[in-house]
Amino acid sequence: MSEKEVVEVSEAEIAVHWQEEGHRHPSARFIGQANMTDPGIYDRFSLEHFPECFKEYADLLTWYQYWHTTLDTSDAPCWKWFVGGKINACYNCVDRHLPAYKNKAAFIYVPEPEDEPHIALTYQELYVRVNEVATLLRDFAGLKTGDRVTLHMPMVPELPITMLACARLGVIHSEVYGGFSGRACGERIWDSGSRLLITIDGYYRSGNLLDHKEKADEAVAVAKKEGQTVDKVLVWRRHPGKYASATPMVQGRDYFMDEVLKGYAGKKVDPVSVPAEDPLFIMYTSGTTGRPKGCQHSTGGYLSYVAGTSKYIQDIHPKDVYWCLADIGWITGHSYIVYGPLALAATSVLYEGVPTYPDAGRPWRIAERLDVNIFHTAPTSIRMLRKAGPDEPKKYNYHFKHMTTVGEPIEPEVWKWYYQVVGKGEAVIVDTWWQTENGGFLCTTMPALHSMKPGSAGLGVPGIHPVIYDEEGNEIAKGAGKAGNICIQNPWPGAFQTIWGDRERYVAQYYAKYCKDQNSKDWRDWPYFAGDAAVQAADGYYRILGRVDDVINVAGHRLGTKEIESACLLVTEVAEAAVVPVVDELRGRVPEVYVALRPGYKADKKIEADVVKSIETAIGKIARPKHVYIVPDMPKTRSGKIMRRVLASLSNKGDVGDVTTLANPEVVEEIRKMVH
Ligand code: PRX
C-alpha cells in the first residue's frame, strides 16, 4: 500500500454495504396526476440533444430577452448557460404569478411555538414586502447590481423576502446557515466582500428564544480583522418592535429593519434585467482544506434547472402544498424551498424550529393542518422522528402524494418506515443525490416513470449523464456493482460557475482529476468529479456510498475534517489533532476527535471541554464531536504521518489491519482500550 492510501480515510471507506432491495412501484393515482409521464424525456435529454435539450427547462421561465448561445464553453470548465439571455429571478418567482395567483399563499410560515399563529404570505403580500425591502436595500443601504450581501438568518419569512429583494436588484446574496458561529459568518463576509450584514435578533429552537444578534458583532469583528469592513448591520426582529437580544445595537452601524422599513411603506422598484450568467447567490460549503468554498450560482441557468427539477421530480403543481423541512441556509432550502417552488407558483411551507419540538407528532400535526401533500426531508430527520415517535404519523389525518429524501444515504430500514408509516404506503419516494455545487438534483428516479429501490438514488436525471471511474480514470463497466468515483460527463445549467474568487481551486477540485485535455474547450474533455463513491447495480440504479475526501456528512450537512482539526489546534494544550467520521445511529456520520497534548500537559476533562468549545466557536454546534479522546500519541507512519484510517477503524469498531509497520504500533492498543 502506498503511504497516501495508508493515511487517508473517507466516509466511503466506512460505508455500510446494504443488500439489494426489491423495487416498489408508484401508484396509478400518482401517475395519473404527475407532471412528467413521458418516458421520451430521456431521449429528448440524451447526449445527442445536448445542450439544446435544456431549453425545455428555460422555457418554464419568463425572459426579458432570449439567449443566442445555449452553452458557451469558451472559458472551459467555467460553463456559461443561456448567453445573451436577460432575466430577473425575483420577477419569475413573484411578479409574474400575480395575475393568476395573487391571493394564493406563496409561503405559509409555521413558528416553532405552537401557540403562535401561522402566517400565510400571499403572492401579493410577498410582492409588496419584497419591493419594500428591495427599495430599502437600494436607497438606505446603497446596494447595486453585482454587490454582495451576507445574510445570517434562520427560518423566518424575512429570509426569503430578503433573498428575493436582493435578486430583484441583481445583488448577490450569500446566506450563511443560522446555526453557524459568528466567526464562521465573519470569514464568509470577508471572502465574499460584503459591506452589509443582514441578521435577526433571535429565533426559536427547542422552545428557547436564542440570542442570534450576538453572533453579528463577532462576525463583523472577524471580517474586519481579515480586511473586510462592514458598514451596516440590518437587524430584523423576531417580534417587530421588541428587541430580543441582550447584545446592544451599535450606534451608526446597526439598524432595526422594522423601523427603517417604515420609511419605505408601499415603495416599488422595478426588477433589474440581468444577463443570464450574472451570479444570483453564493453558497459556502466545506471542502478538503480549512477554507470554505463559495459556490457561485448563476441566475438564468440555476433558475431554469431548479424550476425544471421542481416541476418534474418534485412534481409540484400550483395547487400543491409543499413542505421541505430543510433550512434555507443550505442549498436544499435555496433550490427547493425558495427558488424552485416559487418559480412554479407553489405554496411552500416554512417551519422555524426542530421537527421533534415539542414532540415527535409536530410535523404530522402541521401536515394535517395545512393539508401538505408533498414532503421533503433528510434521512437524519427521518431517523430522529422514527426513534422519537414511530407510531405518531398514524395519529394524524394527512396524505402525502410525494416524499423526498436528500443529503445522505438512507438505510433501507429507515426508507421502509418512511414509505409505510410516514407515507402511509401512498406516497412515491424520490431519493435525490446532489450537492451544493450542483444547484439541483443529479440522480434520482423520476417519480411517475420509475420504480423505487430502498437505499438507492436511481438513475441520472434527464440531461445528467453519470459515469463511474476508477482512480486511474478507467470507466467502470455500467451496472458492474463495483465502487468507484461518480462523475458527470456533461455540464448542466444548475451547476455552479466557479468558486467565488478562486477559479484555480474550482478547476483543481472538480475537474483536474479526470480532465482529458487541460486546453480543451470541448465539454466532453471535462467530466465533473463529485467527490463521492458510488456503485451502479445491474438495473442501472446508482447507490451513493459517501465522500471520498476529507469531508464528513454530518446529519446531511457537510463539514471538512480539516476545518475541525484547525479549531482543535487553537486550544493551547493541543499539539496534534485528527478528526475521523464515525457511524451514528441518528445523524448518519459524526466527527470524532483525537488529540495529543504538548509535552508537560496532562489529560483532563477541561481540555476536552475546551476542544469542543473551540469547534463550536469556529464552526457551530453542528460540528460538535461525538467524543474527544486525548491520546498519549497519534498512531503514525515512520515518516510521521497521522494514520487517520487506524483511528477511524477504532472509532467504528472495525479491523485496524496490519499496524506492525507503524512507528508506534503499541499506541493502537492503548487507544483501543480508551475507545471501546
Ligand atoms: O456525499 C453526498 C451526500 O451529500 C453530499 C453533498 O452535501 P451538500 O453539498 O451539503 O448537499 C446536500 C444536499 C444536496 C454529497 O457529496 N448526499 C447528498 N444526497 C445524497 C447523498 N448521499 C447519499 N444519498 C443522497 N441522496
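Contact here means heavy atoms within 4.5 Å, and axes are lines fitted to C-alpha atoms, for helices over the stretch in contact, with angles running from 0 to 180 degrees between N-to-C directions. The model is predicted, so local features need pLDDT of at least 70 and side-chain atom pairs count only at pLDDT 80 or more, while totals for chains, interfaces and linings use all residues. Residues are numbered from 1 along each chain as its sequence is written, and side-chain values use heavy atoms, with hydrogens and water left out.

Helices (H or I, at least four residues) and strands (E, at least two) are DSSP runs, numbered from the N terminus. Helix α7 (residues 123–139) lies across β8 (196–200) and β11 (232–236), and runs at about 160 degrees to β11. Helix α10 (residues 213–226) also packs on the sheet, where it touches β8, β11 and β12; its direction makes about 160 degrees with that of β8.

The sheet in question is open and has eight strands in the order β12-β11-β8-β6-β7-β14-β15-β23, with mixed pairing. Two strands are taken to pair if DSSP finds at least two bridges between them. At the edges stand β12 (254–256) and β23 (498–499); each has a single partner strand, so one side of each is left without a neighbour in the sheet. The partner strand β15 (residues 293–298) pairs with β23 in the antiparallel sense over two bridges, and Cys295 stands opposite Ile499 in β23.

Another open sheet has seven strands, in the order β5-β4-β17-β16-β18-β19-β20, and its pairing is mixed. Its edge strands are β5 (119–122) and β20, each of which pairs on one side only. On average, neighbouring strands of this sheet are turned by 20 degrees against each other, direction ignored. Within it, β18 (residues 374–377) and β19 (residues 402–406) pair in the parallel sense over four bridges; Thr377 has Thr405 in β19 as its bridge partner. Helix α7 packs on this sheet, touching β4 (105–110) and β5, and its direction makes about 80 degrees with that of β5.

The ligand has 16 residues around it, of which Asp431, Thr432, Thr436, Asp532 and Arg558 come nearest; a residue is near a molecule or strand if one of its heavy atoms lies within 4 Å of it. A backbone N or O atom of Thr432 lies 2.8 Å from a nitrogen atom of the ligand, and a polar backbone atom of Gly407 is 3.1 Å from a nitrogen atom of the ligand. On the side-chain side, a polar atom of Arg558 lies 2.8 Å from an oxygen atom of the ligand. The protein covers 97% of the 540 Å² of accessible area that the ligand has on its own, by the Shrake-Rupley method with a 1.4 Å probe. The elements giving two or more residues to the shell are β20 (428–432) and β25 (542–547). The shell residues divide into five nonpolar, six polar and five charged, with Gly counted as polar.

Some backbone details remain. Most residues other than glycine have a negative phi, and most peptide bonds are trans. The peptide bond from Phe50 to Pro51 is cis, with omega near 0 degrees, and Pro51 lies in the loop between α3 (40–44) and α4 (55–58). A cis peptide bond also joins Ala76 and Pro77, with omega about 0 degrees; Pro77 is in the loop between β1 (69–72) and β2 (80–83). Ser206, although not a glycine, has a positive phi of about 50 degrees, and is found in the loop between β9 (202–205) and β10 (208–211).

Terms used: A polar contact is a pair of N or O atoms within 3.5 Å; within protein, one must be able to donate a hydrogen and the other to accept it, and residues adjacent in sequence count only if both atoms are side-chain atoms.
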